Amino acid sequence: HTPRGVPLRVEGLRKEFGGIVAVDGADFAVEEGSLTGLIGPNGAGKSTTFNCITGVHEPTDGAVHFRGEEISGMSPDSVANRGLVRTFQIARELEEMTVLENMMLAPKGQTGESLWRSVLPGLRSGIMGEERKILEDCWEMLDFFEIDHLAHEYAGNLSGGQRKLLELARALMTDPTMLLLDEPFAGVNPSLEERLLEHVHELREEGYTFLIVEHDMDLIMENCEHVIVMHQGRMLTEGTPEEVQSNEQVIEAYLGG
Ligand code: ADP
Ligand code: MG
């Protein structure tokens, strides 16, 4: 295949929590426009790796580069402003707001403007300029994910799968070029899972890059072109789904728990 750029590089990443070594020297890169899977048994260090990449945790050692710039140690906002975002579960406060309000309150891309004060009254009194545009973007995004009919529903009333769609829609409002999804299909029924996957593939075709942590091995193997395997904080192997599936160490790590 034609060579592609490598937006994300993780080098010698290490994260300790007190005496616990959660990530013990992870090294990997993610290709532009790929759907890359990050798998490994429970406690392998996958979520901690995501948190170090997106600025939630500061690495103990090692470096993360995004589009040629070192981002390790930056705040989550700074990382997101560079176009690298992860999905977050809908926070409790946001459950008491509607789907549309959730979208309007999602952190916005390059503008860096806080809409907390201005947007909500604006929804009632008429919106001008920039805010009008954001509202249109929100509707467009809800329409893309086929949850526009839920716009005025409280987020707390959504099903597990609908929440996952909203989480992804919210993340996209920050105008990312790369998305990190941590178990995006957990608790999602099969038909919604299918839809969510279709959207991920559509977005990838538009040029977005995805790194996905997912428990369901079959799902990763069927949908990802490249798979990275972590075990006990380290990289076990990486390769195509076929290569990874037939790797003895991977089989052992999963059977060994
Ligand atoms: P995974 O997502 O692959 O299941 P995690 O990254 O969540 O793994 O966890 C890796 C290890 O780090 C586990 O032993 C976990 O208990 C530990 N760990 C994760 N986060 C913290 C934390 N905030 N404080 C202490 N230990 C943590
Ligand atoms: Mg995890």
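How many bridges join strand 1 to strand 4, and in which sense do the two strands run? Strand 1 (residues 8-17) and strand 4 (residues 61-66) run antiparallel and are joined by 5 bridges; helices (H or I, at least four residues) and strands (E, at least two) are DSSP runs, numbered from the N terminus, and two strands pair if DSSP finds at least two bridges between them. This is a predicted model, in which local features need pLDDT of at least 70 and side-chain atom pairs count only at pLDDT 80 or more, while totals for chains, interfaces and linings use all residues. Residues are numbered from 1 along each chain as its sequence is written, and chains are lettered from A and ligands numbered from 1 in the order in which they are written.

- An open sheet is formed by 4 strands in the order 2-1-4-5, and its pairing is antiparallel.
- Strand 2 (20-30) and strand 5 stand at the edges with a single partner strand each, so one side of each is left without a neighbour in the sheet.
- A hairpin is formed by strand 1 and strand 2 with 2 residues between them, and Gly18 in the turn has a positive phi of about 55°.
- Strand 4 pairs with strand 5 (residues 69-70) in the antiparallel sense over 2 bridges, where Phe66 stands opposite Glu69.
- Strand 4 and strand 5 likewise form a hairpin with 2 residues between them, in whose turn Arg67 has a positive phi of about 50°.

- A second open sheet holds 6 strands in the order 6-7-8-3-9-10, with mixed pairing.
- The edges are taken by strand 6 (84-86) and strand 10 (234-239), each of which has a single partner strand, so one side of each is left without a neighbour in the sheet.
- From one strand to the next the twist averages 20°, the axes being lines fitted to C-alpha atoms, for helices over the stretch in contact, with angles that run from 0 to 180 degrees between N-to-C directions.
- Strand 3 (residues 35-39) and strand 9 (residues 226-231) pair in the parallel sense over 4 bridges, and Leu38 stands opposite Ile228 in strand 9.

- The domain assignment gives domain 1 (1-83 + 176-257) and domain 2 (91-175), with bounds that come from an automatic or database domain assignment.
- The centres of domain 1 and domain 2, taken over C-alpha atoms, are separated by 26 Å.
- In domain 1, 13 residues are in contact with 12 residues of domain 2, where contact requires that the C-beta atoms of two residues, placed from the backbone, lie within 7 Å.
- On the side of domain 1 that touches domain 2, helix 2 (76-81) and helix 8 (190-205) each supply at least two residues, and helix 8 gives the most, with 4 residues.
- By class, that side of domain 1 has 7 nonpolar, 5 polar and 1 charged residues.

- Helix 7 has 13 residues and reaches 19 Å from its first C-alpha to its last, close to the 18 Å expected at 1.5 Å a residue, the expected span being 1.5 Å times one less than the number of residues.
- Helix 7 is mostly covered, with 11 of its 13 residues buried; a residue is buried if 20 or more other C-beta atoms lie within 10 Å of its own, exposed if 12 or fewer, and partly exposed in between, with C-beta atoms placed from the backbone.
- The buried residues of helix 7 include Gly161, Arg163, Lys164 and Leu172, and what covers the buried residues includes strand 6, helix 4 (99-105), helix 6, strand 7 (178-182) and helix 8.
- Asp148 lies in the loop between helix 6 (129-144) and helix 7 (160-172), and Asp148 is partly exposed, with 15 other C-beta atoms within 10 Å.
- Leaving aside its neighbours within four places in sequence, Asp148 is in contact with Trp139, Leu142 and Asp143, while the C-alpha atoms of Asp148 and Cys138, 10 residues apart along the chain, are separated by 9.2 Å.

Technical notes. Nonpolar A, V, L, I, M, F, W, Y, C, P; charged D, E, K, R; others polar.
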